[in-house]
Amino acid sequence: MAEASLKEQLSNAVKDAMRNKDKIRLTTLRMAQSAVKQIEIDERRDLGDEDVLKVLDKMLKQRRDAASQYDDAGRGELADKERAEMVILEEFMPAALTEDDLDGLIRIAISATDAQGKQDMGRVMNHLRPQVLGRVDMGHLSKKVRAALAG
């Protein structure tokens with residue numbers, strides 16, 4: 001049997017959270033489902049796994065940023081809530097890349113795009129994006145690509 005799509009996995013996880021009366025998990029998963037449905041309605045199309053990954057990746061970035069801001073403001077309980085939501089969302093993301101794997105992909109992308117310097121960063125990032133989506137923080141990737149192109 002084929003593996004369930006990410007949308008199906010989200011739906012099944014919502015049902016499980018309801019059965020288990022796991023309020024935080026249920027709220028977080030419903031938020032993710034709602035974000036996916038909103039894009040489907042706005043764009044009048046069904047989202048595939050890659051599109052759902054983009055939505056989840058964006059939600060993770062929002063939570064990372066919010067947790068950081070809450071920490072800076074001394075609101076640890078709110079930062080903890082954001083981190084708890086991140087843990088739940090990360091379950092649906094592909095396995096993270098190791099630094100060595102990431103360095104290798106960056107080298108290949110620079111070679112494949114014939115990038116010569118920082119002015120070619122956009123081409124390298126566009127080449128890498130589909131391969132690393134949901135597997136690495138894009139801000140971290142951007143810094144590594146910039147450093148590789150500079151050095």
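In which helix is Ser142 found?

A: Ser142 is found in helix α7, where helices are DSSP runs of H or I, at least four residues long, numbered from the N terminus. The model is predicted, so local features need pLDDT of at least 70 and side-chain atom pairs count only at pLDDT 80 or more, while totals for chains, interfaces and linings use all residues. Residues are numbered from 1 along each chain as its sequence is written, and side-chain values use heavy atoms, with hydrogens and water left out.

Ser142 counts as buried because its relative accessibility is 16%; buried means under 20% relative accessible area, exposed over 50%, and partly exposed in between, with a 1.4 Å probe and protein chains only. Leaving aside neighbours within four places in sequence, Ser142 is in contact with Met121 and Met125, contact being heavy atoms within 4.5 Å. From Ser142 to Leu6 the separation is 136 residues in sequence and 26 Å in space, C-alpha to C-alpha.

Helix α7 (138-150) is also among the elements that cover the buried residues of α3, together with α1 (6-19), α2 and α4. The buried residues of α5 pack against α7 as well, and against α6 (121-132).

In α5 (residues 99-113), the buried residues are Leu102, Gly104, Leu105, Ile106, Ala109, Ile110 and Thr113. This helix has 15 residues and reaches 21 Å from its first C-alpha to its last, close to the 21 Å expected; the expected span is 1.5 Å times one less than the number of residues. Just after α5, Asp114 takes a positive phi of about 55°.

Helix α3 has 24 residues and reaches 34 Å between its first and last C-alpha, close to the expected 34 Å. Its buried residues are Asp51, Val52, Leu53, Val55, Leu56, Asp57, Met59, Leu60, Arg63, Ala66 and Ala67. Just after α3, Gly74 has a positive phi of about 75°.

The axes of α2 (residues 23-43) and α3 (residues 49-72) come within 10 Å and cross at roughly 130°; axes are lines fitted to C-alpha atoms, for helices over the stretch in contact, and angles run from 0 to 180 degrees between N-to-C directions. That angle makes α2 oblique to α3, since under 35 degrees counts as roughly parallel, over 145 as roughly antiparallel, 65 to 115 as roughly perpendicular and the rest as oblique. The crossing of α2 and α3 is right-handed, that is, the near helix is turned clockwise from the far one by less than a right angle, anticlockwise being left-handed. From α2 the contact uses Met31, Ala32, Ala35, Val36 and Ile39, and from α3 it uses Val52, Val55, Leu56, Met59 and Arg63. These residues divide into 9 nonpolar, no polar and 1 charged; Ala, Val, Leu, Ile, Met, Phe, Trp, Tyr, Cys and Pro count as nonpolar, Asp, Glu, Lys and Arg as charged, and the others, Gly among them, as polar.

Glu85, in helix α4 (residues 76-90), touches Thr28, Met31 and Arg63, not counting residues up to four places away in sequence. Glu85 is buried, because its relative accessible area is 4%.

Key:
Helices (H or I, at least four residues) and strands (E, at least two) are DSSP runs, numbered from the N terminus.
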